[in-house]
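This report examines selected features of one protein chain. Please keep the sequence and the three-dimensional structure in view while reading.

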Amino acid sequence: MPEPLETVLAEVRELLLAPGLTRAVAAGRRRGHVPSVTRAQVRPVTLKHGRKLQIVTDDGARPFTRNVAPGPEAAAAIDELLAEPFGNWHVETDSATVQVRITKKGDAQVHRAGAVAAPRAAEGHDRAKQWLLDPGDPLFSVVGGTAAKRRQIDAFLRALAATLPDELPSPLRVVDLGCGNAYLTFAAYRYLSGRGAHVQVVGVDVREDQRVRNSAVAAELGCSADVTFVAGTIEEAELPFPPDLVLALHACDTATDQALARAVGWEARWVLAAPCCHHDIAAQIKGSATPSPYGEMTRHAILRERFADVLTDSLRAALLRLRGYRVEVVEFIDSAHTPRNLMLRARRTGAAPTDEQRAEYDSLTSQWGVTPALSRMLS
């Protein structure tokens with residue numbers, strides 16, 4: 001629940017000036033205010049002349065670094081930072097983590113883990129620590145917090161955390177293509193902004209009623225300045241920015257290919273796609289002769305369907321590699337919760353494809369006589 005901002009900032013100040021500080025990041029802005037810098041990072045460093053507190057600020061054009069001595073100089077520098085109207089603070093010490101978000105009313109939503117956590121029963125403390133997004137986060141009071149939904153959100157956030165670097169760019173621009181009711185969109189925003197980045201998110205869905213509903217949820221959560229929604233198709237929706245991170249979670253059939261094609265067109269740095277149904281390649285396989293000796297794999301409808309799923313996502317991964325992405329195909333969530341449980345996790349490297357990669361892709365498509373939707377969209 002919200003806490004007085006003055007009290008929470010005093011707690012943050014104490015942690016920033018304590019010997020156990022590991023790192024801290026301030027970013028974002030409070031409603032109606034703009035900080036003089038877009039982001040600030042604080043961490044202890046050991047230099048030739050002893051231990052210092054390093055403060056790196058970024059005004060959007062370039063970073064500025066200064067190293068201040070412990071004591072009055074550090075205290076004065078920290079007080080200057082705390083006076084800035086940042087919207088988020090993320091503080092890590094050798095024994096605790098504190099995440100602070102300033103609400104639109106000017107209060108502080110605080111999530112604590114470790115030694116500074118508020119007293120609670122041991123069972124409750126352990127249960128909260130196992131989730132990347134605290135079950136007590138206001139998000140769950142708005143979208144619902146069933147056990148199944150918490151598991152899916154946590155699985156998604158773990159895949160997201162494994163994809164992104166430790167140091168997030170700020171601002172971090174995100175688009176969720178085919179966002180539906182957007183609870184994963186909001187989960188991504190809550191988690192990433194909790195890591196100290198200024199996060200800007202746009203959710204895209206073809207339905208106007210979803211845009212209206214999701215915009216109302218954003219207002220209720222106090223993040224409508226940074227989380228917005230547009231009604232439109234994946235192929236044609238217009239965004240206010242080229243995204244760094246593209247999400248496409250359970251977009252049906254070739255809608256996933258449309259999302260991947262747009263991500264490649266934007267040269268997005270990171271892509272997470274969890275495909276849903278796979279009809280396109282399955283139909284092509286059904287309508288063509290099966291190459292020898294794989295007849296048994298397509299003779300039975302259920303086996304043909306499952307093989308088509310694997311082939312579709314294999315070809316998607318191959319095409320992303322040919323376009324300069326490093327790709328992993330991982331389990332999104334345990335198959336007990338959903339049979340559509342794979343995720344393509346991609347990071348742009350810009351590496352040129354090798355002759356071997358091209359040959360493997362060409363051999364696979366020609367042998368099975370298929371033309372992936374994604375290849376048509378990228379041509």
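## A buried aromatic pair

Phe229 has a relative accessible area of 7% in this predicted model. This value is under 20%, the limit for a buried residue, and therefore Phe229 counts as buried. Phe186 is buried as well, with a relative accessible area of 1%.

The rings of Phe186 and Phe229 form an aromatic pair, with 5.6 Å from centre to centre and 55° between the planes. This pair is classed as tilted. Phe186 belongs to helix α6, whereas Phe229 belongs to strand β10, which spans residues 227–231; the pair therefore ties together parts that lie 43 residues apart in sequence.

## Other aromatic contacts

A pair of aromatic rings is described by the distance of the centres and the angle of the planes. The structure holds four aromatic pairs. One of them joins Phe86 and Trp89, whose ring centres are 6.0 Å apart. Their planes stand at 85°, over the 60 degrees that the class requires, so the pair is edge-to-face. Both partners are buried: Phe86 has a relative accessible area of 0%, and Trp89 has a relative accessibility of 2%.

Ring pairs also link Tyr294, Phe307 and Trp368 into a cluster. A contact of another kind involves Lys149 and Tyr183: the charged end of Lys149 sits over the ring of Tyr183, at 4.6 Å from the ring centre.

## The second largest pocket

Rolling a probe the size of a water molecule over the atoms shows where empty space is left. The second largest pocket has a volume of about 300 Å³. Its lining consists of 22 residues, and the closest to the pocket centre are Arg29, Gly222, Cys223, Ala225 and Asp226. Two elements each give two or more residues to this lining, namely β6 (96–102) and α6 (183–194).

## The annotated domain

Which residues does the UniProt annotation "domain: Methyltransferase" cover? According to the UniProt record, an unreviewed entry, this annotation covers residues 149–284. Over residues 149–284, the chain is 43% helix and 21% strand.

Key:
Residues numbered from 1 in each chain as written. Predicted model: local features only at pLDDT ≥ 70, side-chain atom pairs only at ≥ 80, totals over all residues. Heavy atoms only, no water. UniProt positions renumbered as here; feature names shortened; annotations may be inferred. Helix = DSSP H or I, 4+ residues; strand = E, 2+ residues; numbered from the N terminus. 1 Å grid on protein atoms, 1.4 Å probe; cavity = no way out; pocket = protein on both sides within 12 Å on 5 of 7 lines; lining within 4 Å. Points joined across faces, edges and corners; volume = space filled by probe spheres on them. Phe/Tyr/Trp six-rings, centres within 6.5 Å; stacked < 30°, edge-to-face > 60°. Buried < 20%, exposed > 50% of the residue type's maximum accessible area, 1.4 Å probe, protein only. Lys NZ or Arg CZ within 6 Å of the ring centre and 35° of its normal.
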